[in-house]
Amino acid sequence: MGFRFNSMILSFVLVSLLYPYDQAAAATYNVVNFGAKADGKTNSGKAFLSAWAAACAASSPATVYAPPGRYLLGNAITFSDCKNHAVTFRIDATVVAPADYGVIGNAANWIEFKGVTGVSVLGGVLDAQGTGLWACKNSGKNCPSGATTLGVTGSNNILISGLTSLNSQMFHIVINGCENVKLQGVRVSASGNSPNTDGIHVQLSSGVTIVDTKIKTGDDCISIGPGAANLWMENIVCGPGHGISIGSLGKDLKEDGVQNVTVSTATFTGTQNGVRIKSWARASNGFARDILFQHIVMVNVQNPIFIDQNYCPNNNNCPNQGSGVKISDVTYQDIHGTSATEVAVNFDCSSKNPCSRIKLQDVKLTYKNKVAEASCAHAGGTTVGSIQPASCF
């Protein structure tokens, strides 16, 4: 009996050494254990930061976990300074911003990941409660500009999967100065009249992939700013919103260009634009090139295919100057559907830098069950296959 008991102890010790329970438990840092309250009222920002610090200090892959409930992040919060390059933020909860938009309204971001590598954000709902700020802006009052809901800045090898962003004050998600970022299964939702609520904005970044994403908002579903390269967008559903926009570009005289961008398989429903490239009508060394829009369905879209190089809000410091941005090597392939306006294809290019090597292939867009129109200014290109409306090159 004594021998059997000692053998059991020895076996338990060996199993403990091979499969240490403490180590497995220590790999997950539950925000509740750091003081977070799932009541939607108690500011849990410090608890989230403490759990993050613990995960970042771990020498092996670690998870920050937010269990079901509503957690208030009552101030702008930045997750940074992380030596661990394998941290997962798993959110089975709703994270809410303060109802008073003034608390975070002057911050650049409500939630930011800055200067991190190898972070994954899985699931969760981010509710920025932006409706009050929208009402302020739409009334013409003097209001804060509003915070981006989720900013990812100067970071590499990032995954955002299954995340939902609700009612952002300003932009929903911004990828800025990053490399190798994948967004998949993301949902964005805001009113069609919510101002400046771009769904996903990408700038100064390379290797960004956006797939299986549905966006309903009051501004661009996806906007692509200067310095974006090697972007892939696939299986995108957009509407309401302003479509997918490259730009606005050329706001500054010296500006990084945009190149190697693909939008493949997308549906636009009731949007202001479908696929758009826009630039300021003033001097710039910017460019947009090597762009492919393919396998796209337009449903009652005001400007299905649009290049606008005469963008000049309020006619301020730009009218009649001509855009310096050079647009070239843009392909529109397999684009079908309906336009809400008579002009379904509009290439309004720069008089100083005409668009070149534009290619239309298998395009069919109609207006009220009739043939739509195409309009070209300072645009040159070619066509392949069936083109409707007829090319204006």
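Strands are DSSP runs of E with at least two residues, helices are runs of H or I with at least four residues, and both are numbered from the N terminus. The structure described here is a predicted model, in which local features need pLDDT of at least 70, side-chain atom pairs count only at pLDDT 80 or more, and totals for chains, interfaces and linings use all residues. Residues are numbered from 1 along each chain as its sequence is written, and side-chain values use heavy atoms, with hydrogens and water left out.

**Overall architecture**

The protein chain contains 4 helices and 31 strands. Its C-alpha trace spans about 95 × 50 × 40 Å along the principal axes. Of the 393 residues, 50% are buried (under 20% relative accessible area; exposed is over 50% and partly exposed in between, with a 1.4 Å probe and protein chains only). Among contacts (heavy atoms within 4.5 Å) between residues at least 6 apart in sequence, 75% join residues at least 24 apart.

**Backbone features**

Two cis peptide bonds are described here. One joins Gly239 and Pro240, with omega about 0°; Pro240 lies in the loop between β20 (229-238) and β21. The other runs from Gly247 to Ser248, with omega near 15°, and Ser248 is placed in strand β21.

Asp81 and Asp329 have positive phi values although neither is a glycine.

**Largest pocket**

The largest pocket has a volume of about 560 Å³. Of its 28 lining residues, Phe171, His201, Gln203, Gly247 and Ser248 are the closest to its centre. A pocket here is an open set of points on a 1 Å grid over the protein atoms alone, where a 1.4 Å probe fits, with protein on both sides within 12 Å along at least five of seven lines; lining residues have an atom within 4 Å of a point. Grid points are joined across faces, edges and corners, and the volume is the space filled by probe spheres set on the points.

Two or more lining residues come from each of β11 (148-153), β14 (173-176), β17 (200-203), β21 (244-249) and β23 (273-280). The largest share, 4 residues, belongs to β11. By class, the lining divides into 8 nonpolar, 12 polar and 8 charged residues (nonpolar: Ala, Val, Leu, Ile, Met, Phe, Trp, Tyr, Cys and Pro; charged: Asp, Glu, Lys and Arg; polar: the others, Gly among them).
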